[in-house]
Amino acid sequence: GGAAAAALLCLVILAQTLLPRQAGGIFTVKTYALDLDENGTVVLREEDLLEKSDYWGGYCDGENYYINLGFRYEGENIENVTFSAEEGFFAWQRISPGMSEEDVSAIYAGPENQLLVFGEDFEVCGSSVTLEGTEMEEGLLLFWGVEALSPDDIPKNPRITAEAVFQDGSTQTVDVHLDLSGASVFGG
């Protein structure tokens with residue numbers, strides 16, 4: 001039935017992400033949300049992109065909405081990685097280790113009091129951005145954002161791709177899926 005087909009599709013997407021298609025190198029994209037540990041310190045929590053959240057959100061500066069999932073990549077033999085979006089743009093944010101809860105705006109949403117945390121200092125870098133090297137520098141997160149009149153105008157499934165170029169010249173592309181169909185909560 002439909003559920004089995006959907007589950008199979010998820011597996012295919014996951015397999016493509018985990019297995020390099022050629023011997024050029026290894027490349028994975030991971031997403032992180034900001035969270036608080038038991039000491040009230042801001043930490044990065046790896047998020048499963050295929051696991052659907054009831055709530056999503058982020059920060060609005062008046063005209064731009066920044067979605068609160070940060071992208072990072074890692075791998076081996078990577079020359080550079082280019083993130084591209086058909087709609088919207090990317091923005092940097094630097095997360096300094098050991099930030100306290102007072103340093104960020106915090107919103108709690110949903111029955112489980114899910115934390116939607118974000119900073120406010122985003123540095124917009126356009127609809128396509130290229131990062132050099134195998135690892136992203138520590139504390140750097142890439143966010144997707146879009147100019148919109150209200151959360152209802154934000155695309156529900158923005159198309160984002162990340163293409164790695166390996167040192168031997170071969171490439172690998174990963175589709176990054178954001179499902180923004182649930183209820184949204186924004187601060188700002």
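Both Tyr66 and Phe89 are buried, where buried denotes a relative accessible area under 20%, exposed over 50% and partly exposed in between (1.4 Å probe, protein chains only). The structure is a predicted model, in which local features need pLDDT of at least 70 and side-chain atom pairs count only at pLDDT 80 or more, while totals for chains, interfaces and linings use all residues. Residues are numbered from 1 along each chain as its sequence is written, and side-chain values use heavy atoms, with hydrogens and water left out.

Tyr66 and Phe89 form an edge-to-face aromatic pair, with 5.9 Å centre to centre and 75° between the planes. Rings of Phe, Tyr and Trp (its six-membered ring) are taken to pair if their centres lie within 6.5 Å; planes under 30 degrees apart count as stacked, those over 60 as edge-to-face and the rest as tilted. Because Tyr66 lies in strand β4 and Phe89 in strand β6 (residues 89-94), the pair ties together parts that are 23 residues apart in sequence. Phe83 is buried, with a relative accessible area of 0%, and for Phe90 the relative accessible area is 0%, so Phe90 is buried. The count of aromatic pairs comes to 8. One aromatic cluster is formed by Tyr59, Tyr66, Phe89, Phe122 and Phe143.

Asn64 is found in strand β4, which spans residues 64-76. The relative accessibility of Asn64 is 12%, and Asn64 therefore counts as buried. With neighbours within four places in sequence left aside, Asn64 is in contact with Tyr59, Phe89, Val146 and Glu147, contact being defined by heavy atoms within 4.5 Å. Two of these partners, Tyr59 and Phe89, belong to the aromatic cluster described above.

Ile95 is placed in the loop between β6 and β7 (105-109). This residue is buried, its relative accessible area being 9%. Apart from residues up to four places away in sequence, Ile95 touches Leu34, Leu44, Gly139 and Leu141. The C-alpha atoms of Ile95 and Leu141 are separated by 7.3 Å, although the two residues are 46 residues apart along the chain.

The chain contains 1 helix and 14 strands; helices (H or I, at least four residues) and strands (E, at least two) are DSSP runs, numbered from the N terminus. Four of the strands make up an open sheet with antiparallel pairing, in the order β10-β5-β12-β13, two strands being paired if DSSP finds at least two bridges between them. The edge strands, each of which pairs on one side only, are β10 (128-132) and β13 (171-177). From one strand to the next the twist averages 20°, with axes given by lines fitted to C-alpha atoms, for helices over the stretch in contact, and angles running from 0 to 180 degrees between N-to-C directions. Strands β5 (residues 78-85) and β12 (residues 159-166) run antiparallel and are joined by 7 bridges. Val81 stands opposite Ala164 in β12.

For the chain as a whole, 42% of the 188 residues count as buried. Of the contacts with a separation of 6 or more, 75% are accounted for by residues 24 or more positions apart. The chain exposes about 9800 Å², of which carbon and sulfur atoms supply 48%. Accessible areas come from the Shrake-Rupley method with a 1.4 Å probe, and for residues only the protein chains shown count as cover.
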